[in-house]
Amino acid sequence: MISFVLNGERVETEADPDTLLLFFLREELGLTGTKYGCGAAMCGACMVHLEGGPAFSCQMPLAAVAGRSITTIEGLSDQGDHPLQKAWIEEQVPQCGYCQSGQIMRAAALLDSNPSPSEEEIRSSMSTNLCRCGTYNRIVKAVQRAASEMSS
Amino acid sequence: MSAPVEFSRRVFLKSGAVAAIAMTAGGVRMTAYASEDTEDAFAGWVEIRPDNTVHILFPSTEMGQGSETGLPQILADELDADWEQVSIHQLNEDDRRFGNPAFGKILYTAGSSAIYGYYSVLRHAGATLREMVRESAANEWSVDSASLDTRESRVIHPESGRSMSYGEVVGLAGFAETSLPAPAVLKSPEHYTLIGRSVPRRDIPAKSTGKARYAMDVRVPGMLYATVQRSPVEGETVTALDDKKTRATRDVIDVVALPDGVAVIAKTLHASLAGRERLEIGWSNTSRFRNFSSADTIDAYQKAAEGDAPGAAWRSEGDARAGLAAAKRTFDAVYTSDYAYHAQLEPIAAVAAVEADGKGAEIWVGTQTQSWSTRTATEVLGTTPDRIKLNMMTMGGGFGRRTELMQNYLRDALLCSKAAKRPVKVVWTRPDDLKFGAFRPAVAQQLRAGIDEDGRLAAWHHRVATPSVIEYFNPIRWDQVKPKDIVTMRGAENQFYDIPDFLAEHVKTERQARILPWRGIGASYTSFAAEAFIDEIATAVGIDALDFRRSVMHKNPRGTALIDRVEMMTKAVPVSEGRARGFAFAGYGYTQAAGIVEISLNRDSGAIQVHHVWIAVDAGQIVSPNNALNQIEGGVLWGVSSALFERVTITNGEVDQENFYNYAILRHNMAPQVEVHLAENHEKPTQIGEAGNPLIAPAVANAFFALTNRRIRHLPLTPDRVLGALA
């Protein structure tokens, strides 16, 4: 039995401890906002928060999250109204959208640790996350917009 | 959209067009509408219900391009519908009445054709229903219909101050008998309320909260997961299989032979992958594809390009050979380009639930075509379309990856579900999608050009040596279009320049890998070759790169306006030290674009950095400006990524790359600043989604020359090629 805290609630499971957190979230819990993109920590589509910091859920077997706290895109805000999510809509960021959960989770972790990042810091921090549609520049604007809202 | 039909009739309009209106239990539905003298009818484009909601069909598929919002916006504008009351409904069947006019009524979302293909038909549908509503209200009030206004789903009689909602109008007893006295007149642009407005995309909130559901996310009760071990080399088959260890893996249910591989069906994706690792498969060793390595392929294609064997003319004007012979001075060069991978961020997934008799199925898939997904299912199950319930899922990127006539991912899901007698989701991992994907083809191009006494381009001969993409990915379409392959040749037509003696031809070579359309299709390499070659000539004759193009564009004022615009955009910005700029003029289809890039170079590593891109685009009437900007920005970044990094190599028939660690695409910290100008006019809308990328590679190559005085004629401009050019 493995237990951990997910989006503020306790989860217990008998699943194979080698099962990746990503697959467990998506298949067992139906939390499909976290995406599979590469399975190799190269694209960031699977990004969640582990103890508040950014983490690739495609690299974490369930055994590794036992007793720890995980937040997914579904738990980032109550009503989908985190300042970043509002900024994503305001800036009309997504195209295909498949990477955007991971982008938002990465950006949320960045703003937690650095509430007013420079453009260079945003680009550098966000470079773990690929967007094939090419929305990078809109992501920068949206992160800046959210940072400004959160600081005011 | 499926309320029972109680009544329907055809209304013959004075224009010769036909509209058929169905009264449904719920309201009125335009069941048929045909314009432009065709007899094709269409069903259910739009429905107005008594609760005043408006329901508009979305006939394309959504892969990020935004037409799920953009297409309904066009119809709603002509209808004068209240956008807040509009619901959008995905077309989930192969109903050719709604087919893409740009693709012979196939349900096919490709070639950046949704807005440009459907624009006219959607406007006519909206306008016809609007006029019917207006006429019906006029009858009810006994006033002249010309005295009525329509606005935000209401009919208004300004003189008396009376008004009725559309929902009330369609509930009138006489509505179904309303005559249509005149052909519906389309709005003039000053009356547009939604066309040309940056209406927020309907899909963006769900895509910002993790709620958007892709094929990869589909879960249905009892569903199993399958992954497939495919032959490392195309054409090989299984000669020996030991699946004991696989079957002994926890949660593995079954191992199933497929046409080109072995599927492991399991309760979880984790178990399927673990079981797949333990398969012991012997493969045949006879496929001709084992003979092919990409470096040799490009050499072979280059010999074909340089040879004399005539190709299939793609565009011909005057006499190119005679023009070259008569030219004051001639030039020639060979350009090559590597295979490239789509790298859509959602790898492939498809879910099928086959019925007990094996002849019916519900399927969930993200593809660019209802028509070919339906056909795949009917072919695989030996059944008829009425037995297939299709669910077109929003896609995590398309870019041409999901366009095939026979979709092997969907085929495999159907075969696995049939075998397991349960719903099955087939998942391709990223390495599966790269190793077993299909690519933009490798290409070699021979260009020859001649200039006249005034230094203007007078003769042009462009030979494109590569296989036919269409012949491979859609043999049915090939039978209709051969020998003209738009996927292979797009861009080589060079229609924006006026060159009197012109020939672009396709030298069709042997296919040595799996190939598919790829964002920009042929223009992603033909424009690279053509625009870098033109830069070579301009340099040789000592004419400014922009002026050299202008000299063959006197019949193309919209094109020269773009050159003027991009020149103006950059003029005030000094070039940063250690950097250089390059220009290119290309576009996609009927859309023209002029662009300038600014690059720097790390002379030790050979890495090029693109810092800034300015681009001016004329795509006619823009339906949704902010989304169009997003598409162009994305196309530009795609162009930068493919110009600098993207290269698939093949050794003895096996793809060498497997994931983003050896197939790099552009990351955040390498993205240039992008400034886009969209020309403002009310001409017919043309392509947007693929208009941004074709000019980037030649502009980068031209900037590289400006910086180093060296030419790189092989795409992409990777560090090894840069260092080779500098040596």
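This is a predicted model: local features need pLDDT of at least 70, side-chain atom pairs count only at pLDDT 80 or more; totals for chains, interfaces and linings use all residues.
Residues are numbered from 1 along each chain as its sequence is written, and chains are lettered from A in the order in which they are written. Local features need pLDDT of at least 70 and side-chain atom pairs count only at pLDDT 80 or more, while totals for chains, interfaces and linings use all residues.

**View 1. Helix 4 of chain A and its surroundings.** Helix 4 of chain A covers residues 100-113; helices (H or I, at least four residues) and strands (E, at least two) are DSSP runs, numbered from the N terminus. Of the 14 residues, 12 are buried (20 or more other C-beta atoms within 10 Å of a residue's own; exposed means 12 or fewer, partly exposed in between; C-beta atoms are placed from the backbone). The buried residues pack against strand 3, strand 4, helix 3, helix 5 and helix 6 of chain A, together with helix 4 (204-207) of chain B.

**View 2. Contact of helix 4 with helix 6 in chain A.** The two helices pack at an angle of about 40°, with their axes 11 Å apart. Gln103(A), Ala107(A) and Leu111(A) in helix 4 meet Ile139(A), Val143(A), Ala146(A), Ala147(A) and Met150(A) in helix 6. Residues three or four places apart in an α-helix point the same way, because there are 3.6 residues a turn.

**View 3. Side of chain B that touches chain A.** In contact (C-beta atoms, placed from the backbone, within 7 Å) are 47 residues of chain B and 44 residues of chain A. Helix 18 (625-644) of chain B is among the elements that give two or more residues to this side of chain B, and its 7 residues are the largest share.

**View 4. Cis peptide bonds in chain B.** The bond from Lys482(B) to Pro483(B) is cis, with omega near 10°. Pro483(B) lies in the loop between helix 13 and helix 14 of chain B. The bond from Leu715(B) to Pro716(B) is also cis, with omega near 0°.

View 5. Glu51(A), not a glycine, has a positive phi of about 50° and lies in the loop between strand 3 and strand 4 of chain A. Glu51(A) is exposed, with 11 other C-beta atoms within 10 Å. Phe399(B) has a positive phi of about 60°, and is buried, with 27 other C-beta atoms within 10 Å.

Notes. The expected span of a helix is 1.5 Å times one less than its number of residues. Two residues are in contact if their C-beta atoms, placed from the backbone, lie within 7 Å. Axes are lines fitted to C-alpha atoms, for helices over the stretch in contact, and angles run from 0 to 180 degrees between N-to-C directions.
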